[in-house]
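Please keep the sequence and the structure in view while reading.

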Amino acid sequence: MAAEKEATSPSPSVPANGYIRSDQESAVTADPAELKRKKRMRCLFYVTVFAVFQVIVITVFALTVMKIKSPKFRVRSASFSDFEVGNGTNPSFNLDMGVKFGVKNTNFGHFKYEDGIVEFEYRGTRIGQVNVYEARARARSTRKVADSLELTSNGLSAKSQSQLASDISSGIIPITSASKLDGKIHLMKVIKKKKSAHMNCTMEIVLATQSVQNIVCK
């Protein structure tokens, strides 16, 4: 009987509900300060990740949106409605030229520019000019402007006349165009930055086809 009672009596190390807590549960229950420390570390980690993300966003924003560049002013194309050119013994030209310009604005804010003048030259001598009136080139777009003007050799010097005779004989008359459009870049309706769009183009008048070719702008 004594052996049976000993076998059926509950073990003193086992709780009455039969559930035995692990060492880890006991440690957690016994050390609430450790829980608070881990929670603080987790919060600190999230704050650090968020701060790094913010720095990356601000850096990208500063290098892209906030980086303001000078717009570009270019001759896109040109054609003639009237074409009169002399010869090697009587070098001269009187041309009615229609020209298309482009004001390219790569910024994230619009470019508002003032009136300007585009001058065309033959070997350093002005042969014509055209006005460009104030307007606005939208953000990250190209504003297209079309106009017409007369190109004439009436004001050439004797030296330039001699060079023109040689160019006419070769079949190509080289000309250049130059201009400057002053204005401001308007960014997010808050920032206004003064910028200028410069033009410096070279092109060739091809006599055989009565056309303008090889337009190169810097």
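## Buried positions and contacts across the chain

Leucine 187 has a relative accessible area of 1% and is therefore buried, since buried means under 20%. In this model, which is a predicted one, leucine 187 is placed in strand E8.

Between the C-alpha atoms of valine 103 and alanine 197 the separation is 7.7 Å, while along the chain the two residues are 94 residues apart.

## Overall arrangement

How many helices and strands does the chain contain? There are 4 helices and 10 strands, and from the N terminus on the elements run α-α-α-β-β-β-β-β-β-β-α-β-β-β. The chain has 218 residues, of which 30% count as buried.

## The largest pocket

The largest pocket has a volume of about 170 Å³. Its lining is made up of Lys112, Tyr113, Glu114, Glu134, Asp182, Gly183, Lys184, His186, Lys194, Lys195 and Ser196. By class, these lining residues divide into 1 nonpolar, 3 polar and 7 charged.

Which strands each supply at least two residues of this lining? They are strand E3 (110–113), strand E8 (172–187) and strand E9 (191–206). E8 gives the most, with 4 residues, and this is also the strand in which the buried leucine 187 is placed.

## Salt bridges

Side chains of opposite charge can pair when their charged atoms come close. With a cut-off of 4 Å between a side-chain nitrogen of Lys or Arg and a carboxyl oxygen of Asp or Glu, the count comes to 4 salt bridges. One of them joins lysine 180 and aspartate 182, whose side chains meet at 3.7 Å, N to O. Lysine 180 counts as partly exposed because its relative accessibility is 44%, and aspartate 182 counts as partly exposed at 32%. Aspartate 182 is also among the residues that line the largest pocket, so that this residue takes part both in the lining and in a salt bridge.

Another salt bridge is formed by glutamate 34 and arginine 37, with the closest N and O atoms 2.9 Å apart. Why are these two residues separated by about one helical turn? The reason is that glutamate 34 and arginine 37 are 3 residues apart in helix H3. Glutamate 34 is partly exposed, with a relative accessible area of 29%, and arginine 37 is likewise partly exposed, at 39% relative accessibility. A further salt bridge links arginine 126 with glutamate 119, where the closest N and O atoms are 3.4 Å apart; glutamate 119 has a relative accessible area of 29% and is partly exposed.

Phe45, Tyr46 and Val49 together make a nonpolar surface patch of about 330 Å². Tyrosine 46 lies in helix H3, which spans residues 32–63, the helix that also holds glutamate 34 and arginine 37. Is tyrosine 46 buried or exposed? Its relative accessibility is 52%, so tyrosine 46 counts as exposed.

Arginine 140 has a positive phi of about 50° although it is not a glycine. Where does arginine 140 lie? It lies in the loop between strand E6 (135–137) and strand E7 (141–152), and with a relative accessibility of 52% arginine 140 counts as exposed.

Asparagine 214, which is not a glycine either, also has a positive phi of about 50°. Asparagine 214 has its place in strand E10, comprising residues 211–217, and asparagine 214 is exposed, with a relative accessible area of 51%.

Definitions and conventions:
Residues numbered from 1 in each chain as written. Predicted model: local features only at pLDDT ≥ 70, side-chain atom pairs only at ≥ 80, totals over all residues. Heavy atoms only, no water. 1 Å grid on protein atoms, 1.4 Å probe; cavity = no way out; pocket = protein on both sides within 12 Å on 5 of 7 lines; lining within 4 Å. Points joined across faces, edges and corners; volume = space filled by probe spheres on them. Nonpolar A, V, L, I, M, F, W, Y, C, P; charged D, E, K, R; others polar. Patch = residues over 30% accessible without salt bridge, like charges linked within 9 Å, V, L, I, M, F, W, Y side chains within 5 Å. Areas by Shrake-Rupley, 256 points an atom, 1.4 Å probe, with all protein chains shown as cover. Buried < 20%, exposed > 50% of the residue type's maximum accessible area, 1.4 Å probe, protein only.
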